[in-house]
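Please read the following note alongside the sequence and the coordinates.

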Amino acid sequence: MKIILLGAPGAGKGTVAKLLTAYDGSVQISTGDILRGAVKAGTPLGKEAQGYMDRGDLVPDSLIMGIMEQRLQEDDCKKGFLLDGFPRTIPQAEELKKLLSKLGIKLDMVANIDVPRDVILDRLTTRRTCSNVECQEIYNIKSNPPADGDKCKKCGSVVIQRADETEEAISKRLATYNEKTAPLVGFYEKEGLLKTIKGTSSEVVLAEIKSALNV
Ligand code: AMP
């Protein structure tokens, strides 16, 4: 399947993408994960992106499009891809439309995961992420705690709170979402690709996506 997962930070895009990957082998492409990997590795991209990320701002569109133009042409995308956290602005959506048409790729749908703000705030402040950039497994200290307090159950690395998951950065990220990303709902509605799913459970979201795609 070739889908975009749209939704505020903490809406569950990453969790749903992992479930879909396990289901049909489509690859999850998270621009946030790619950028965090670049920051950790200290690459030029990471150095440029870090300040924006720590403040809860968006990284410039040109950097993101450079990453995605390459990533979408890698072999593992042929089976399908789940875009998680991209596009995040109207210019990114417009550039993506051009890029997909150039590559001859047709999107199946855009799943807009709609979760109430209080649920999102609670999820983000209690979220923890594996510090191993190859893993980045997500935990929640209330509903899905790591092993022994702070160890990843998958790879054993330390599980941390992300710098952009302090209350201040979270408020900024949600404001940025409302201003820059929420308009994509209208954009994809016009394209005839949008399906809005009201769901706080990733299993329910998964089932709705599968039924919309008849898979
Ligand atoms: P995420 O893990 O998707 O919440 O992304 C973490 C941070 O990476 C965001 O707050 C942005 O600073 C940056 N980022 C991720 N994806 C994008 C994107 N498509 N456009 C701009 N910035 C992004």
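1. In this note, buried means under 20% relative accessible area, exposed means over 50%, and partly exposed covers what lies in between, with a 1.4 Å probe and protein chains only. The model is a predicted one, in which local features need pLDDT of at least 70 and side-chain atom pairs count only at pLDDT 80 or more, whereas totals for chains, interfaces and linings use all residues. Residues are numbered from 1 along each chain as its sequence is written, and side-chain values use heavy atoms, with hydrogens and water left out.

2. Across the whole structure, the search finds 19 salt bridges, a salt bridge being a side-chain nitrogen of Lys or Arg within 4 Å of a carboxyl oxygen of Asp or Glu.

3. Aspartate 57 and lysine 172 meet in a salt bridge at 2.3 Å, N to O. Aspartate 57 lies in the loop between helix H3 (44-55) and helix H4 (61-71), and lysine 172 in helix H7 (residues 167-181), so the pair ties together parts 115 residues apart in sequence; helices here are DSSP runs of H or I with at least four residues, and strands are runs of E with at least two, numbered from the N terminus. Aspartate 57 is partly exposed, at 25%, as is lysine 172, at 34%.
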